[in-house]
Amino acid sequence: MEKKLRAGVIGATGYVGQRFIALMENHPWFECVAVCASPRSAGKTYEEACGDRWKINVPMPEYVKKMVVYGTDDIEAFCEQVDFTFCAVDMKKDEIRALEEKIAKLETPVVSNNSAHRWTEDVPMIIPEINFEHAGLIEAQKKRLGTTRGFVAVKPNCSIQSYVPALTPFLGNGIKQISVCTYQAISGAGKTFKDWPEMVGNMIPYIGGEEEKSEKEPLKVWGKLAGDHIELAKNPVISAQCYRVAVQEGHTAAVSVSFENKPSMEEMINTWNNFESEAVKLGLPSAPKKFLQYIDEDNRPQPALDAYFENGMGVSVGRLREDVIFDYKFTCLSHNTLRGAAGGGMLSAELLTKLGYIQAK
């Protein structure tokens with residue numbers, strides 16, 4: 001790319017916003033030129049607005065420290081500075097929907113980490129290695145919005161990106177039923193142990209709205225593009241339980257699955273280890289060279305050892321074994337704020353750039 005695209009980050013002071021900023025420090029296609037947060041941060045430098053709330057495990061990039069923060073109440077001025085924006089803002093869902101559509105109508109594409117638009121019919125919900133063709137929804141959305149270049153695209157819930165990639169290669173085997181229990185890191189709530197001491201040595205068996213997302217969002221990801229909407233997959237049936245656990249980074253999923261046509265264990269392991277990623281074929285900079293890996297050790301994958309596989313963009317699978325109720329059970333792991341959030345958003349933006357949906361203004 002001859003000249004980098006000008007990117008913005010909305011919700012820039014939050015955990016995922018910080019990840020977006022760090023990922024763009026040396027990005028070959030994108031340059032972060034503007035940051036936006038709540039009106040109370042407006043007018044401050046980014047360093048001042050964050051204060052002691054820089055939470056992620058890499059230093060704050062020098063390039064962003066002296067940037068003056070825009071407020072979400074001055075979104076027009078923010079949009080004038082950027083070719084497109086990432087959005088990871090902490091607001092009510094109806095407010096997020098209104099904000100993201102306003103930005104799109106200002107002819108500024110939005111790649112959103114938020115859940116507010118995941119069930120808007122003409123908004124694609126993308127995992128580039130799995131359903132890149134859903135980007136075709138954008139044309140219908142632009143027609144509805146009356147825009148020439150503005151649109152909203154979203155990424156799915158962070159937890160489903162631990163197990164949906166592992167199951168996707170076997171859709172042709174007729175997946176009938178899935179039972180999944182996710183063990184989700186505290187960073188998924190934008191927290192560290194410093195500001196959530198109650199989680200030290202603890203587990204909470206409830207995450208608001210998470211089980212519904214885990215049961216329904218895969219059906220949109222696995223659905224088919226049907227003009228101006230996605231025709232949801234009719235199968236499988238998914239039952240989910242979601243727990244918050246004392247882990248900083250990395251969502252783990254315990255999966256049980258039944259098939260119409262049961263593959264062998266050898267077939268499953270070979271399929272995981274030899275999965276060919278469309279994102280790699282397209283030459284997307286953030287694409288993991290190896291999207292899926294199977295680990296043979298009985299005590300893997302573990303967040304402490306495996307969350308950063310492929311720079312946090314790969315998915316690890318282990319403990320495949322026969323089940324007495326389902327056909328098989330196994331364990332999956334992904335990095336929730338990289339693959340599941342900012343990294344997944346970055347990869348989606350790269351895909352949309354490659355496909356021509358994001359261009360310089």
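Helix axes are lines fitted to C-alpha atoms, over the stretch in contact, and the angles between N-to-C directions run from 0 to 180 degrees. The model is a predicted one, in which local features need pLDDT of at least 70 and side-chain atom pairs count only at pLDDT 80 or more, while totals for chains, interfaces and linings use all residues. Numbering starts from 1 along each chain as its sequence is written, and side-chain values rest on heavy atoms, with hydrogens and water left out. Helices (H or I, at least four residues) and strands (E, at least two) are DSSP runs, numbered from the N terminus.

Two packed helices are described by the angle between their axes and the distance between the axes. For helix α8 (residues 160-167) and helix α9 (residues 210-221), the axes come within 11 Å and cross at roughly 45 degrees. That angle makes α8 oblique to α9; angles under 35 degrees count as roughly parallel, over 145 as roughly antiparallel, 65 to 115 as roughly perpendicular and the rest as oblique. Contact means heavy atoms within 4.5 Å. On the α8 side, Ile-160, Tyr-163 and Val-164 meet residues of α9 that include Lys-213, Glu-217 and Val-221.

A second pair involves helix α1 (residues 15-23) and α13, which pack at an angle of about 50 degrees with their axes 9 Å apart. This makes α1 oblique to α13. The contact is made by Val-16, Arg-19, Phe-20 and Leu-23 of α1 and by residues of α13 that include Leu-338, Ala-341 and Met-346.

A straight helix of 17 residues would span 24 Å, yet α13 spans only 20 Å between its end C-alpha atoms; the expected span is 1.5 Å times one less than the number of residues. A kink of about 50 degrees is centred on Gly-344, the bend at a residue being the angle between axes fitted to the seven residues ending there and the seven starting there. Because 16 of its 17 residues are buried, α13 is largely enclosed by the rest of the structure. Here buried means under 20% relative accessible area, exposed over 50% and partly exposed in between (1.4 Å probe, protein chains only). After α13 comes Gly-356, whose phi is positive, near 90 degrees.

Strand β12 (residues 251-259) contains Ser-256. With a relative accessible area of 14%, Ser-256 is buried. Leaving aside residues up to four places away in sequence, Ser-256 touches Gln-177, Ile-178 and Ser-179, among others.

Most residues other than glycine have a negative phi, and most peptide bonds are trans. The bond from Asn-235 to Pro-236 is cis, with omega near 5 degrees, and Pro-236 is in the loop between β10 (230-231) and β11 (237-245). The bond from Arg-300 to Pro-301 is likewise cis, with omega near 0 degrees. In the loop between α12 and β14 (315-322) lies Glu-310, with a positive phi near 55 degrees and a relative accessible area of 25%, which is partly exposed. Asn-311, in the loop between α12 and β14, has a positive phi of about 60 degrees and is exposed at 66% relative accessible area.
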